[in-house]
Amino acid sequence: MIEKLPELVNENQAILHRGRFVTAEIQVIVGKEDYRLRIEEGRITGVERGPFIMRPYSITIRAPAEAWGKFWQVYPPPGYQDIFAMTKRGEAEVSGDLRLLMQNLRYFKDLLEAPRKLAREERNA
Amino acid sequence: MPDLEPIIGRYLRMSVQGVPYRVYFEEAGSGIPLICLHTAGSDTRQYRHLMADGEITRSYRVMAFDLPWHGKSNPPVGFQDQEYRLTTRLYTDTIMAFCRAMELKKPVVMGCSMGGRIVLELALRHGDELRAVIGLEGADHQEPWYDTAWLHRPDVHGGEICAALVSGNMAPHSPDEPRWETLWGYMQGGPGIFKGDLYFYRVDSDFRDRVAGIDASRCPVYLLTGEYDFSCTPEDTLRTGKKIPGSKVMIMERLGHFPMSENPAQFRKYILPVLGEIAGIKEK
């Protein structure tokens, strides 16, 4: 699912606008899979799959694959509809440059939630 | 004919703890006074759907006021040199001051989130003056999930962060239009106001040791919480309800932390029977 993020984000003008001040490398961990996303002015310009050895990144967002699976549903079950709902229940972890995250929270939430579009399309098909 | 809504807005002059305020309130309908308390960092617009609901306004005078520092209620003179901090005492005094200034007889008070918390204190301290209380997304305590320092600092936009933080606390089923309107309220709060409200909510209102003192036979207590609320969770509300004999607790499906504004159509399924029941209670 993470590999699909560049297409999902880069074709969405509203998300790109929200992220226009974001240039960073972030890490998203889905279960045992480690992904590194390069973001330039909101656009995702690279996705690499690990393992990586001491690569720099500014924010890490980590959750078990099962939790991400619920999170990306059209109607996630209670407790899985938001990244902070998942951190509060102890299923997800967000760490790193929290100032960057908070300054651009809407953007990062939109980015993480972007795969729900695919679930919606599948549902409507 | 102009397409007017039934809601009327006015300003009320009242004092709280000796400080004069010019308070904005809205109302619609006639009958039993029903005071609606908005959530932290927002304003009365959250109740606009409820106030335009003829089923409710035919037997209730629905009223909602912007707390001082919120919406169209200005902060007090000299606010520029103060840090806003809501406390249990100040919140209680403000609500009771509004009821007295408006000369309301035994109103029902319904509040959401921090409003759902304060109605417990109202039931405890002022139960004889109220017809009933309704706590939406209310509990005697809840675990925090972020550091409120993020809400008021020069390097993070206050309106954007308040809205982005609370955005996930709604049900995924809630339609885009009311969901974003709810967030717009958060985008418009004054600097540090959401944070100042959360001082009451997070620091000054651990009611776990006192809710057992509420007499629900004197002042009926209704607690309604959305299943998607991860701030005040259904478990928090159920735990609170168990401590208050005679209280009625309902967990609302497909709703989150802002039931009246995130999905008014879904919320009315739950609130109409409650308001109907309260209207049927004989006054002692």
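Author: Quick definition before we start: the radius of gyration here is taken over C-alpha atoms, and the globule rule is 2.2 Å times the number of residues to the power 0.38. Bear in mind that this is a predicted model.

Reader: Okay, so what does chain B's radius of gyration come to, and what would a compact globule have?

Author: Chain B has 17 Å. A compact globule with 284 residues would be near 19 Å, so the two agree.

Reader: And what does the C-alpha trace span along its principal axes?

Author: About 55 × 45 × 40 Å for chain B.

Reader: How much of chain B is buried?

Author: 54% of its 284 residues count as buried. As for contacts in chain B with a separation of 6 or more, 75% come from residues 24 or more positions apart.

Reader: Switching to secondary structure: how many helices and strands?

Author: Chain B has 10 helices and eight strands.

Reader: What's the strand order in the sheet?

Author: In chain B the order runs β1-β2-β4-β3-β5-β6-β7-β8, in an open sheet with mixed pairing. β1 (8-16) and β8 (248-252) are the edge strands, each pairing on one side only. From one strand to the next, the twist averages 20°.

Reader: Back to β3 and β4 of chain B: parallel or antiparallel?

Author: Parallel, over five bridges, with β3 at residues 32-37 and β4 at residues 60-65 of chain B. Within that pair, B:Pro33 sits opposite B:Arg61 of β4.

Reader: Which strands does helix α3 of chain B lie across?

Author: Helix α3 (residues 88-101) lies across β1, β2 (19-28), β3, β4 and β5 (108-112) of chain B. The angle to β1 of chain B is about 115°.

Terms used
Residues are numbered from 1 along each chain as its sequence is written. Chains are lettered from A and ligands numbered from 1 in the order in which they are written. This is a predicted model: local features need pLDDT of at least 70, side-chain atom pairs count only at pLDDT 80 or more; totals for chains, interfaces and linings use all residues. Helices (H or I, at least four residues) and strands (E, at least two) are DSSP runs, numbered from the N terminus. A residue is buried if 20 or more other C-beta atoms lie within 10 Å of its own, exposed if 12 or fewer, and partly exposed in between; C-beta atoms are placed from the backbone. Two residues are in contact if their C-beta atoms, placed from the backbone, lie within 7 Å. Two strands pair if DSSP finds at least two bridges between them. Axes are lines fitted to C-alpha atoms, for helices over the stretch in contact, and angles run from 0 to 180 degrees between N-to-C directions.
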